[in-house]
Amino acid sequence: MAVKKPKRSTAKRRRIPVTASLPPTATPATTSQHSLTPAGSSSAGSLSVLMALTPSGAETTSSTSSLLTIKSSKTVARKKSSMATAQLIRRYHTLNKELSQCLARIDASTNSSQSGNGGGGGYQRSQGPRYTAQQKADDLARIAAIRQEMDDLGGLDMYQKASTLGQSKQRGGDSSKWFIPVIESCHPQLDKKAGKPLRLLDIGALSPHNYQKYSSWIKATPIDLNPQDPLITKMDFLEMPIPTTKDDLFDIVSLSLVVNFVGDPTQRGEILRHSTRFLVPGTGLLYLVLPLPCIDNSRYMDHELLVEMMAALGYTTLVSHHLAKKLAYYAFRLDVDVAPSFSGDKGSKKAASQPLFPKKMRHDKPNRNNFCIVLA
């Protein structure tokens with residue numbers, strides 16, 4: 001006799017959630033940072049962030065917890081690294097500026113003494129009060145202290161490594177990206193595949209590969225005082241030989257975060273003037289990048305004054321400019337070659353000694369910086 005098997009119930013079985021059992025001495029309230037983090041561990045703050053981001057009542061597996069903790073730790077480490085890099089760069093700039101000021105005072109005193117003005121090492125009367133022997137001794141002592149602190153920071157080599165890190169892809173990349181479309185707009189007929197490449201002088205280059213992506217139509221010559229790569233030529237731009245033929249001139253000169261690094265305002269102006277001697281008049285482009293505070297938060301400089309200065313040098317066309325969150329980008333065209341008129345060979349001695357654009361207060365407001373460019 002066949003026995004009928006009972007039919008299975010079609011009702012859905014109720015699934016009971018399975019949770020990990022807690023140790024007898026632990027309660028949900030005590031399963032927190034103390035139970036998951038070893039004593040003295042620095043990941044407690046990361047776990048706090050993790051728990052804050054976890055929805056109320058949700059359970060987090062140990063693998064997810066570890067993953068988020070690692071990500072949080074990496075974020076904190078990256079922020080600390082970025083802050084340390086920025087602090088090193090700012091401090092080096094401050095020291096470099098003070099060093100230039102001390103050296104300029106000593107140089108002015110020496111020149112004054114050699115020219116017979118001021119006798120035993122004083123400023124010329126038109127330049128201010130007498131520069132005493134004690135002041136010179138103080139400046140010499142300060143110069144030694146500044147150079148020692150620079151060495152303690154790692155010197156120019158460490159500064160440039162920090163700057164290289166600052167232009168890495170993780171922190172926004174190098175500033176040449178903005179300039180490429182500007183170059184293309186100025187050379188619409190350029191044959192990028194078979195034409196003659198544009199010659200570009202990259203001054204203060206941190207990497208020789210900034211324009212490698214465009215190597216088919218841009219031939220870059222990177223130079224720097226302290227190269228971080230063997231492909232960068234060691235060269236002081238102010239001592240670089242001036243081209244003697246048109247074929248040796250450049251179509252583009254790049255001064256990205258170079259002018260602001262120089263501590264002496266007069267030398268900053270000299271760098272801008274010197275750039276006119278390397279560009280093809282009429283078509284040559286100058287790519288100038290400055291920290292934004294140099295333009296919008298200085299007592300002695302602003303956008304209008306910079307444009308006026310550049311026009312006096314022959315950069316009468318402002319092709320394009322962009323004020324970003326941290327940087328000010330400029331592209332000027334050298335329409336007129338007026339560099340010889342700045343050499344001091346022409347005109348009276350009195351006229352030659354007077355700066356075309358001296359240091360002059362433009363924005364007398366608190367909390368502004370003293371960035372300045374002097375064109376003599």
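Is N367 buried or exposed? N367 is exposed, since its relative accessible area comes to 71% and the cut-off for that label is over 50%. Keep in mind that this is a predicted model.

**The annotated site**
- An unreviewed UniProt entry marks G204 and D224 as "binding site".
- These positions span 21 residues in sequence, but no two of their C-alpha atoms are more than 4.4 Å apart, so they gather at one spot.
- G204 sits in the loop that links β1 (198–203) to β2 (218–224), while D224 belongs to strand β2 itself.
- G204 has 23% relative accessibility, so it counts as partly exposed.
- D224 has 7%, which puts it in the buried class.
- If you skip the neighbours within four places in sequence, G204 touches I223, D224 and V258.

**Helix α9**
- The buried residues of α9 (residues 303–313) are H303, L305, L306, M309, M310 and L313.
- Looking down the axis of α9, you'd find those buried residues within an arc of 165 degrees, so they line one face of the helix.
- As a rule, an α-helix has 3.6 residues a turn, so residues three or four places apart point the same way.
- The buried residues of α9 pack against α7 (265–275), β5 (285–291), α8 (292–296), β6 (317–323) and β7 (327–333).
- Just past α9 comes G314, which has a positive phi of about 110 degrees.

**Helix α7**
- Most of α7 is covered, with eight of its 11 residues buried.
- Those buried residues are P265, R268, G269, I271, L272, R273, H274 and S275.
- The cover over them includes β4 (252–256), β5 and α9.

**Positive phi without a glycine**
- L257 isn't a glycine, yet its phi is positive, at about 55 degrees.
- You'll find L257 in the loop between β4 and α7, and its 36% relative accessibility makes it partly exposed.
- N367, back from the opening question, also isn't a glycine and has a positive phi, near 65 degrees.
- N367 lies in the segment after α10 (349–353).

Terms used. Residues are numbered from 1 along each chain as its sequence is written. This is a predicted model: local features need pLDDT of at least 70, side-chain atom pairs count only at pLDDT 80 or more; totals for chains, interfaces and linings use all residues. Side-chain values use heavy atoms; hydrogens and water are left out. UniProt positions are given in the numbering used here, feature names are shortened, and annotations may be inferred rather than shown by experiment. Helices (H or I, at least four residues) and strands (E, at least two) are DSSP runs, numbered from the N terminus. Buried means under 20% relative accessible area, exposed over 50%, partly exposed in between (1.4 Å probe, protein chains only). Contact means heavy atoms within 4.5 Å. The arc is that of the directions from the helix axis to the C-beta atoms.
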